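Q: Could you take me through this fold one feature at a time, starting with how a helix is read against a sheet?

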Amino acid sequence: MKEISVDKDKVIRITLAVFIGLAVLFGVYSGMAYTTDPTTTKVTYRTLYAEKGELSHVGFFSNETVYKNGTSLEYYPAGVTRLIKGNYDYSSTLEAESNYRATLRTDYYVVSNKNKIYIKNTTRIIRSGNFVGSFSVPITFNITELDENLKRIQEGTGLFRANVDTYLLVEVQVPGREPFIQKITLIKDISGMLKLSETTKEYKKVERYTNTTVNTIDFIGKNVSVSTARTLFPIMALLFVIPPLGFAYTHREKKPKDELKGLRKFIVEGVPSEIGAIDPVELGSVEDLEKVFDLVDKPIVHYVKDNQDVYAVVDGEVIYEYRKPLPQEGDEAN
């Protein structure tokens, strides 16, 4: 049977190339894994329904020198304003049978130690009932009547610092959802101006939807989740890079130890003139050469003879020599 010749070095080189290629491949995929988010979260919103309440209003005055009756203002002068009439409108995008109640409430009070002490409260239901989608209610704030009632209470109680608050309260009840409540207050500031606060209110019921997608990396036709790839690919890259590193470490060029390292600065190149004329004293080791150098305190002369490195110390008529073979090809010369 014919034997098959195998080039061992070639097989090793091919194997190492494959391992290095796979280590690089998994290193690249590791980089992709760590630059890709493990998951993608998409948030969307959907409006289930919207509702709005708004009071539009105009003023009627005892003196029309400046403002004509039917003028809509943000601030009304309290001294000449008799009535503030308006219309409250409510609408909802949810077409469901619901009910509402619109109440006008008036509170007469005095302030003691920053606390309100109520003297008299009146509540009048303007309108209530059922509706689908929207309703409208006419509203009147009778400023003249409020002032007259306040004056009677001040005179009747002797509390001339008594004051009055009046507001419109609208309550809407829709089955299966939170009630819609709006409070519109008639405010009189220290300058003598009247203002209706919070005449518009809007509310939207919004649902939040979160969709989380697990991101993957296509690896040789298979989808690998990013979280798995962040663990798997670095481990694989490390496993494949270890053999080439181990091979390189175990087969790295090992430099022979330089026995003469400590004496190098005392070595000179040359050939002693006494060579051949005097029988040398052969030294057996570098340690012996170092002892001779220390004793005679002469430079060490290096030359080559008979395919050997010769290190000689000349002391008068005595030559001390340490010889070592020249390094062969592929070895590092000392």
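**Reading the helices, sheets and cores**

A: Helix α4 (residues 286-296) lies across β14, β15, β16 (308-315) and β17 (318-325), and runs at about 25° to β16. Helices (H or I, at least four residues) and strands (E, at least two) are DSSP runs numbered from the N terminus, while axes are lines fitted to C-alpha atoms, for helices over the stretch in contact, with angles running from 0 to 180 degrees between N-to-C directions. This is a predicted model, in which local features need pLDDT of at least 70 and side-chain atom pairs count only at pLDDT 80 or more, whereas totals for chains, interfaces and linings use all residues. Residues are numbered from 1 along each chain as its sequence is written, and side-chain values use heavy atoms, with hydrogens and water left out.

Q: In what order do the strands of the sheet with β13 and β14 run, and what is the sense of their pairing?
A: Strands of a sheet pair through backbone hydrogen bonds, either parallel or antiparallel; two strands are taken to pair if DSSP finds at least two bridges between them. Here 5 strands make an open sheet in the order β13-β15-β16-β17-β14, with mixed pairing. Its edge strands, each pairing on one side only, are β13 (267-269) and β14 (281-283), and the twist from one strand to the next averages 35°. β13 runs parallel to strand β15 (residues 300-305), to which 3 bridges join it, and isoleucine 267 has isoleucine 300 in β15 as its bridge partner.

Q: How many strands form the sheet that holds β4 and β5, and in which order do they come?
A: In this open sheet there are 6 strands, ordered β2-β9-β8-β7-β4-β5, and the pairing is antiparallel. The edges are β2 (76-77) and β5 (115-132), each of which pairs on one side only. Helix α2 (residues 143-157) packs on this sheet and touches β4, β5, β7 (163-173), β8 (180-188) and β9 (193-197), its direction making about 40° with that of β4; contact here means heavy atoms within 4.5 Å.

Q: What does the largest nonpolar core contain?
A: A nonpolar core is a set of buried Ala, Val, Leu, Ile, Met, Phe, Trp, Tyr and Cys residues joined through side-chain atoms within 4.5 Å, and buried means under 20% relative accessible area, exposed over 50%, partly exposed in between (1.4 Å probe, protein chains only). The largest core has 33 residues, of which Tyr88, Phe135, Phe141, Leu168, Val172 and Leu186 have the most contacts inside it. At least two residues of this core come from each of β1 (39-61), β3 (81-92), β4, β6 (134-142), α2, β7, β8 and β9, and β4 gives the most, with 5 residues. Leaving aside residues up to four places away in sequence, tyrosine 88 touches a set of residues including Leu55, Phe135, Ile139, Leu168, Val170, Phe180 and Ile184. A second, separate core has 13 residues, among them Leu263, Ile267, Leu289 and Val313.

Q: Where does threonine 39 lie, and which residues does it touch?
A: Threonine 39 is in strand β1 and counts as partly exposed because its relative accessibility is 38%. Beyond residues up to four places away in sequence, threonine 39 touches Thr212, Thr213, Val214 and Asn215; threonine 212 is 173 residues from threonine 39 in sequence, yet 6.5 Å from it in space, C-alpha to C-alpha.

Q: Is asparagine 215 buried or exposed?
A: Asparagine 215 is buried, because its relative accessible area is 17%, and it lies in the loop between β10 (200-214) and β11 (216-219). Its contacts, again not counting residues up to four places away in sequence, include Thr36, Asp37, Pro38, Thr39 and Val224.

Q: What radius of gyration does the whole protein chain have?
A: The protein chain has 53 Å, while a compact globule of 334 residues would have a radius of gyration near 20 Å, where the radius is taken over C-alpha atoms and the globule rule is 2.2 Å times the number of residues to the power 0.38. Along the principal axes, the C-alpha atoms fill a box of roughly 150 × 70 × 35 Å, and 30% of the 334 residues count as buried.
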